[in-house]
There are 2 protein chains.
Amino acid sequence: MEKRATIKDVAEAAGVGVATVSRVLSGGSASPRTRERVLAVAAQLDYRPSALGRNLRQRRTGGMGLLVPDLTDTFYAQFAEGVLACARSAGEPVVLGSTGGDPEQEAELIGMLLEQSVDRLIAVPSGDEDTWAPAVRAGMTVVFADRLPARPFSEDDDPAATAVNDLMLLDGLAAPPPAAHRPPELPSVLADDRAGIRTAVRYLRGLGHRRIAFLGGPGHDRRVAAFREAVGAPVDEELVVFGTGSRDSAYAAASGLFQSRPDLSAVVAGGNVLGEAAVLAARELDLRVPRDVSLVMYDDVPWAELCSPPLTVIAQPGRDMGYRAAELVLRSGGRRARSVVLPTELIIRGSCGPHR
Amino acid sequence: MEKRATIKDVAEAAGVGVATVSRVLSGGSASPRTRERVLAVAAQLDYRPSALGRNLRQRRTGGMGLLVPDLTDTFYAQFAEGVLACARSAGEPVVLGSTGGDPEQEAELIGMLLEQSVDRLIAVPSGDEDTWAPAVRAGMTVVFADRLPARPFSEDDDPAATAVNDLMLLDGLAAPPPAAHRPPELPSVLADDRAGIRTAVRYLRGLGHRRIAFLGGPGHDRRVAAFREAVGAPVDEELVVFGTGSRDSAYAAASGLFQSRPDLSAVVAGGNVLGEAAVLAARELDLRVPRDVSLVMYDDVPWAELCSPPLTVIAQPGRDMGYRAAELVLRSGGRRARSVVLPTELIIRGSCGPHR
DNA sequence: GTGAAAGCGCTAACAT
DNA sequence: ATGTTAGCGCTTTCAC
């Protein structure tokens, strides 16, 4: 455990001032002669600038924070891989936190990042806007991905309007009229949920299905809204059920749905954990896929192909989304970044059949 | 974006010196009166000590680094969740890196962590001991998990002896005789691969299987060694094949195996990515599981139950391993931590049948 | 083009 | 018990 060389060591060994070393290393002005000498000495001493000193001086830690609900949800793992890939190529560290979908843990993690002076953050949010207020107030550059924080319950506008606005936002038709007292929307990276769900529902309807259920989880508001829209007026509310995010509750929701409404003929799972639950619950109840029930799952994950039959899915580019989010949060040098919406794709495999 | 209060602000507002504030906040000695006042003022100013100052002063960043090959490998995701859970309860940040199983990327990430002065590191290593030398020399506390770094090719002892030593180490029978010039083993958290593989092989043999193949990946040396041992003398070398870590190469390996040796009746996949590949390849070649070929997969992952039939697996406690690794790396206050080996469990589901 | 010097926010001697 | 002070390694004016 030898002590590392500091900038001062390099300066002395090169016979220059520390300022010069700093300049050379960060591409500032210096005569070719000095530059070369400094570089040589630095290499010879195996000098690596300490991020500690720089961070304190600049009062900010480099790199970025990354908050996801659960890494064992394969979609978030793909997303994280995308973020890491971008960060790696930029040489920036990523501080990771897993929130378990719990706003309180999320708030704690935000606090931890604040304490570390991490001022760039990518998040798949679990808490509502109130949870995120501290981060924004502290001047963090926040990029949301996969979904946006819910509006706090106390807000004065009605949910219906919110859903409509979100949908319009997605299609890029219009920005939601920003109420004067609301902060401007933060940049985000979303999949085009509306189109994805719509395509899936149309596909199912084309196969003759009329009683289509939606199995959702936390943060799937935009997806449900799109589902309602695609299915068209009066939606059978019993066919829209939610889990709380855990695998257990997803299973319970799926199982309950199948048992309470044996007349349904197709289900759209709002995420891969819910799709997993649906397959399990169906098997447990001796429902054959797709003979007895057709299934479309949001998220394409490697194991979707392993099922028998392989699962028809709405694929969203998880890795790309992560990469883009990291680009946004890095590039936005103070400027407010533009949001991006990436396309989804319906991948037809074997889990949907004609209604019978 | 208001500027945060510093320790100096608190000191002034409370009418004390900065040292007193520091002491109070880190549980040092102080009169109840002062303590209370300082605490009150700190709360009132919403003071949060900056990790930046502390880190520079102590010449080390708190928290820990975490290096895994690939988060979309569900086992590593589970492992990471364990690490994060422990870190969260300790309020420590985790800097994550994904190496893609590539020693070069691993080395770069180690360099990045060194630059950040992160001095605690948990890793599922991809590079050999040479790759890890810089980290160790720099005085990092490193805990390996899931596997140990391979010995560099230049080493003077033969592979057979290495394998034997590793096995003995696993069973706790004896420490491998440390060559005088070799550094002492670093602490690690491993699953009891030997017992896990042995149990699986015995189970398959009990079902009448004689031509059992092993489908391995990088870092599976201990598992192969255990496989060879469990199968017994002269192992049919064609039945031991390897992928390089990617899903594609795993698939190629599995497919090649099935095609070149149609006489095999069972396969042990050394990890979940390989198990996935085996299922895919078998289906593609119209091999029925378990009628035509029995399959045991290392790693229990949620989707193992989704397959038809559900996969029989050797479960290792991924999450626990992560938690334990984090405990080790945090607790070891300079002292060299003891390694831990956790038990595996054969979970019999439906992917193995009698030989026919 | 280059160097000297002033901190960034904190902790740990040391002094009182 | 508490205040004063000296840096930790770096970047960035500001003189020269």
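**View 1. Aromatic pairs in the predicted model.** Over all chains, the structure holds six aromatic pairs. Rings of Phe, Tyr and Trp (its six-membered ring) pair if their centres lie within 6.5 Å; planes under 30 degrees apart are stacked, over 60 edge-to-face, and the rest tilted. In one pair, the ring centres of W132(A) and F144(A) are 5.0 Å apart and the planes stand at 90°, so this pair is edge-to-face. The pair links distant parts of the chain, twelve residues apart: W132(A) is in helix 7 (residues 129-137) of chain A and F144(A) in strand 4 (residues 141-145) of chain A. Helices (H or I, at least four residues) and strands (E, at least two) are DSSP runs, numbered from the N terminus. Both W132(A) and F144(A) are buried. Buried means under 20% relative accessible area, exposed over 50%, and partly exposed in between (1.4 Å probe, protein chains only).

The model is predicted: local features need pLDDT of at least 70, side-chain atom pairs count only at pLDDT 80 or more, and totals for chains, interfaces and linings use all residues. Residues are numbered from 1 along each chain as its sequence is written, chains are lettered from A and ligands numbered from 1 in the order in which they are written, and side-chain values use heavy atoms, leaving out hydrogens and water.

**View 2. A tilted pair in chain A.** The rings of F214(A) and F227(A) have centres 5.2 Å apart and planes at 40°, so they form a tilted pair. F214(A) belongs to strand 6 (residues 212-216) of chain A, and F227(A) to helix 10 (residues 221-231) of chain A, so the pair ties together parts 13 residues apart in sequence. F214(A) and F227(A) are both buried.

**View 3. H220(A) in a loop.** H220(A) sits in the loop between strand 6 and helix 10 of chain A. Its relative accessible area is 8%, so H220(A) is buried. Leaving out residues up to four places away in sequence, H220(A) touches G270(A), G271(A) and L274(A). Contact means heavy atoms within 4.5 Å.

**View 4. E81(B) and its contacts.** E81(B) lies in helix 5 (residues 74-90) of chain B. With 6% relative accessibility, E81(B) counts as buried. Not counting residues up to four places away in sequence, E81(B) touches D70(A), L71(A), T72(A), S98(A) and R319(B).

**View 5. Charges over rings.** The charged end of R223(A) sits over the ring of Y298(A), 3.9 Å from its centre. In chain B, R223(B) has its charged end over the ring of Y298(B), 3.9 Å from the ring centre. Such a charge is NZ of Lys or CZ of Arg within 6 Å of the ring centre and within 35 degrees of the ring normal.
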